[in-house]
Amino acid sequence: MGWGAVYYGNRAATLMMLGRFREALGDAQQSVRLDDSFVRGHLREGKCHLSLGNAMAASRCFQRVLELDHKNTQAQQELKNASTVLEYEKIAEVDFEKRDFRKVVFCMDRALEFAPACHRFKILKAECLALLGRYPEAQSVASDILRMDSTNADALYVRGLCLYYEDCIEKAVQFFVQALRMAPDHEKACLACRNAKALKAKKEDGNKAFKEGNYKLAYELYTEALGIDPNNIKTNAKLYCNRGTVNSKLRKLEEAIDDCTNAVKLDDTYIKAYLRRAQCYMDTEQYEDAVRDYEKVYQTEKTKEHKQLLKNAQVELKKSKRKDYYKILGVDKNASEDEIKKAYRKRALMHHPDRHSGASAEVQKEEEKKFKEVGEAFTILSDPKKKARYDSGQDLEEDGLNMGDFDANNIFKAFFGGPGGFSFEGRWKCSPAGFGNVSTQIAWEAGGVCQGMCWWRRVLGFAT
């Protein structure tokens, strides 16, 4: 054995201990060129190949050692290690195509135990971490490689990919362009650069249309932007939220809720999307859902504004569980006193029991219930103090008002009045069907109440 082979072999071993495997590989190869029977030279060459991720070349070196020394246990073990790395590579390749990025990260971690200096494995791991949304980890791996090799196009691409997925699109484009300078045929960098530019342009055009009040165009542009890259989770979350805002402006509230839901599915920390969805829930009177969203927001950001929004939603939820007196009267919540009176007049006459005396017992019972509810509603909404307490969400029974104690007939009588000293209670005993009978009418006239009776008949809408 020549001293030259030993010298190169020893220097290779030293460089390997320093982690400088690429330089060590050159010395190891030189040592076996000088002496092809140098077993330690072949072992060191194989170890360098394996550490750098070239398992096929490593296997050939270890097989050569076994040809020279078939009992060499180190070569036998290293050959198994090389086979293990090759197997992890194959699995990772298949899983990447299946988009099972977690499995790829697992395989690369196992492979890197045998190939700690393999940039290719590290880059694949970093890319998958980025695709999984684990951007700090991905950036750390890519940055480590760039510190050792600032011209590594793959590392530049991954660095840009992280920025791109974090919605820092302008900075991302700079890294993609730099990667393409180092490797003009880098397909992934080329595609990512094209997507980034298209996404940025569509989003900006959508924002411009929205600011100009052209909501239909803004909707179309945001929709087109969402179709560019399904992997860009953070940007797509913002696009969904923006489109949700557009839908709310167009009063398409259910569509707006769906868009905001898609946004928080992509990014469950996206406060703006929760706030937008909560407002839509409020507008559609889905108060329980609104409370849940505002609770999520307040837990994340305990501001006075968020606390007030939550409180308002809780009040509306409480109010929604009571009778809706506005709905019972068929008026808007901002109805005037005169509108409330007119609505009561219409509804009270519509549901008055005398108008339904000829109906079935079931219908009579239902109309009596509605007549009472109309009276309740008028009692509350016609009184400014009671109305204010009701509108503020206060519990009226806690305030001493028991709605079960009042008489709807008295409310009706007090509202409509009655000429000639007419007795409502006396009339109540007489069936309206009898009003068409001449003898009954004469009897009422004999009692001196015909004028009042005819007035009530007109009020209730019966023919005279």
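Colleague: At what angle do the axes of helix H13 and helix H15 cross?
Modeller: In this predicted model, local features need pLDDT of at least 70 and side-chain atom pairs pLDDT 80 or more, while totals for chains, interfaces and linings use all residues. Residues are numbered from 1 along each chain as its sequence is written, and side-chain values use heavy atoms, without hydrogens and water. Helix H13 spans residues 233–249 and helix H15 residues 271–283 (helices are DSSP runs of H or I, at least four residues, numbered from the N terminus). Their axes (lines fitted to C-alpha atoms over the stretch in contact, with angles from 0 to 180 degrees between N-to-C directions) come within 10 Å and cross at roughly 20 degrees.

Colleague: Is H13 roughly parallel or roughly antiparallel to H15?
Modeller: The crossing angle is roughly 20 degrees. Angles under 35 degrees count as roughly parallel, over 145 as roughly antiparallel, 65 to 115 as roughly perpendicular and the rest as oblique. H13 is therefore, relative to H15, roughly parallel.

Colleague: How are H8 and H9 oriented to each other, roughly parallel or roughly antiparallel?
Modeller: The axes of H8 (residues 135–148) and H9 come within 9 Å and cross at roughly 155 degrees. The orientation of H8 and H9 is therefore roughly antiparallel.

Colleague: Which residues of H9 take part in the contact with H8?
Modeller: H8 contributes Tyr135, Ala138, Gln139, Ala142, Ser143, Ile145 and Leu146. The H9 side of the contact consists of Ala155, Leu156, Val158, Arg159, Cys162 and Tyr165.

Colleague: How far apart are the axes of H3 and H4?
Modeller: H3 (residues 39–51) and H4 (residues 55–68) pack at an angle of about 160 degrees, and they are therefore roughly antiparallel to each other. Among the residues that meet are Val39, Leu43 and Leu50 in H3, with Ala58, Phe62 and Val65 in H4. The separation of the two axes is 7 Å.

Colleague: Which helix gives the most residues to the lining of the largest pocket?
Modeller: The lining comprises 16 residues, with Glu127, Tyr157, Tyr165, Leu191 and Asn231 nearest the centre of the pocket. Helices H7 (119–131), H9 (153–165) and H11 (187–211) each give two or more residues to this lining. The top contributor, with five residues, is H11.

Definitions and conventions. Contact = heavy atoms within 4.5 Å. 1 Å grid on protein atoms, 1.4 Å probe; cavity = no way out; pocket = protein on both sides within 12 Å on 5 of 7 lines; lining within 4 Å.
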